[in-house]
Amino acid sequence: RELLKEMAKKVEITTHRIAAIINGLRSISRDGTKDPYSPIVVQSLIQETLDLLNRYCGLPSYLTKNIQ
């Protein structure tokens, strides 16, 4: 029973990781040529980029979290 719980937890963690990767890819892969320009918070842009790099490259979390 414990083994089953452990395996289910690993599946859940992997599922969340895959969903985050897919969402990151969707946000950078769509055609935005007709999107209107709008102001952005550069800090958010940098944080999202670092989060994506962390998922793919395994950067240490201290390099990718809480950009001020």
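**A guided tour of the model**

Begin at G58, which lies just after α2 and takes a positive phi of about 70°. This is a predicted model, in which local features need pLDDT of at least 70, side-chain atom pairs count only at pLDDT 80 or more, and totals for chains, interfaces and linings use all residues. Residues are numbered from 1 along each chain as its sequence is written, and side-chain values use heavy atoms, with hydrogens and water left out.

**The whole chain**

Next, display the entire protein as a cartoon. It has three helices and zero strands, and its pattern along the sequence is α-α-α. Helices (H or I, at least four residues) and strands (E, at least two) are DSSP runs, numbered from the N terminus. Of the 68 residues in the protein, 10% are buried; buried means under 20% relative accessible area, exposed over 50%, and partly exposed in between (1.4 Å probe, protein chains only). With a surface shown, the protein exposes about 6,200 Å², 61% of it supplied by carbon and sulfur atoms. Such areas come from the Shrake-Rupley method with a 1.4 Å probe; for residues, only the protein chains shown count as cover.

**Helix α2**

Select residues 42-57, which form helix α2. This helix of 16 residues reaches 22 Å from its first C-alpha to its last, close to the 22 Å expected at 1.5 Å a residue (the expected span is 1.5 Å times one less than the number of residues). Within α2, colour Q47, L50, D51 and L52, which are buried.

**A nonpolar patch**

Now select I40, V42, L45 and I46, a nonpolar patch on the surface with about 360 Å² of accessible area together. Patches are made of residues with over 30% relative accessible area and no salt bridge; like charges are joined within 9 Å, and nonpolar side chains (Val, Leu, Ile, Met, Phe, Trp, Tyr) within 5 Å. I40 is found in the loop between α1 (2-29) and α2, and counts as exposed at 56% relative accessibility.

**The largest pocket**

Select A20, N23, G24, S27, I28, L45, E48, T49, D51, L52 and R55, which line the largest pocket. Both α1 and α2 give two or more residues to this lining, and the largest share, six residues, comes from α2. The space in the pocket is about 190 Å³. On a 1 Å grid over the protein atoms alone, a pocket is an open set of points where a 1.4 Å probe fits, with protein on both sides within 12 Å along at least five of seven lines; lining residues have an atom within 4 Å of a point. A volume is the space filled by probe spheres set on the points, which are joined across faces, edges and corners.

Finally, show side chains for the two salt bridges of the structure. A salt bridge is a side-chain nitrogen of Lys or Arg within 4 Å of a carboxyl oxygen of Asp or Glu. K10 and E6 meet in one of them (3.6 Å, N to O); both lie in helix α1, four residues apart, about one turn of the helix. E6 is partly exposed, with a relative accessible area of 44%. E12 forms a salt bridge with K9, their closest N and O atoms being 3.7 Å apart. Because E12 and K9 are three residues apart in helix α1, about one helical turn separates them.
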